[in-house]
Amino acid sequence: MLKYKIVYSSHTGNTRGLATAIYQGLPAHAKDIEELSEDTRWDDAETYLVGFWTDKGNCPPEVQEYLEKLTDKRVALFGTCGFGGDEAYYKKIEDRVKKIISPDNEYLGCFLCQGKMPMAVRERYQKMMKDEKQKAEAQRQIQNFDRALLHPDTQDYNNAMIFVRRVCE
Ligand SMILES: Cc1cc2nc3c(=O)[nH]c(=O)nc-3n(C[C@H](O)[C@H](O)[C@H](O)COP(=O)(O)O)c2cc1C
């Protein structure tokens with residue numbers, strides 16, 4: 001039986017980077033890291049660290065299905081999202097995803113940070129800028145997009161390692 005298992009879903013690579021940092025932050029016990037697939041087991045470790053990218057304000061459906069399978073485990077969450085620097089937003093995502101975890105597991109906490117979005121998203125906001133009614137909102141979204149460009153960064157990786165050391169003592 002593994003002591004720790006990291007299972008993650010990553011669409012464009014941000015969450016994969018975070019998962020790697022978290023793996024490095026874990027104590028040197030029996031540990032494993034795996035990108036979520038249909039073959040991923042949910043019964044071979046004591047503690048699961050489940051990573052997700054944010055899709056429509058939640059974790060993607062395959063992560064939801066995986067979390068539903070975990071029973072009698074210690075479970076921590078981590079993830080990346082396009083909107084950043086807002087603790088209240090992070091908390092909303094955490095609360096939504098945490099609800100999926102069955103109460104017979106021990107919930108350890110959640111680490112979230114911002115992650116770069118595809119350039120097509122910025123292009124959409126740039127089109128919105130042409131519409132006077134949408135201009136202010138588009139400007140706000142472009143500012144957020146540009147802030148996200150360099151995330152996750154070294155500080156995010158360090159914070160993720162601090163988180164994992166704290167919850168997996
Ligand atoms: C289809 C799609 C939907 C998204 N929905 C959200 C969302 O609802 N909220 C959010 O904060 N970010 C959203 N994002 C941004 C991603 O969650 C963010 O860029 C994340 O870091 C991607 O992680 P990955 O590189 O591991 O796939 C979305 C991105 C895509 C491509």
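Here is a short walk through this predicted model, from its domains to its ligand and then to a pair of helices.

Let's begin with the overall layout. The domain assignment divides the chain into domain 1, made of residues 2-116 + 151-167, and domain 2, made of residues 117-150. Taken over C-alpha atoms, the centres of these two domains are 28 Å apart. Where the domains meet, 10 residues of domain 1 are in contact with seven residues of domain 2. On the domain 1 side of that meeting place, the residues divide into seven polar, two charged and one nonpolar.

Now turn to the ligand. There are 19 residues around the ligand, and the ones that come nearest are His11, Thr15, Trp53, Gly82 and Gly115. Two elements, helix 1 (14-25) and strand 4 (74-81), each give two or more residues to this shell. Sorted by class, the shell holds 11 polar, five nonpolar and three charged residues.

Which residues in helix 4 meet helix 5? They are Val121, Arg122, Tyr125 and Met128, and their partners in helix 5 are Gln134, Ala138, Gln141, Ile142 and Phe145. By class, this contact between helix 4 and helix 5 is made of six nonpolar residues, two polar ones and one charged.

Terms used. Residues are numbered from 1 along each chain as its sequence is written. This is a predicted model: local features need pLDDT of at least 70, side-chain atom pairs count only at pLDDT 80 or more; totals for chains, interfaces and linings use all residues. A residue is near a molecule or strand if its C-beta atom, placed from the backbone, lies within 6 Å of it. Helices (H or I, at least four residues) and strands (E, at least two) are DSSP runs, numbered from the N terminus. Ala, Val, Leu, Ile, Met, Phe, Trp, Tyr, Cys and Pro count as nonpolar, Asp, Glu, Lys and Arg as charged, and the others, Gly among them, as polar. Two residues are in contact if their C-beta atoms, placed from the backbone, lie within 7 Å. Domain bounds come from an automatic or database domain assignment.
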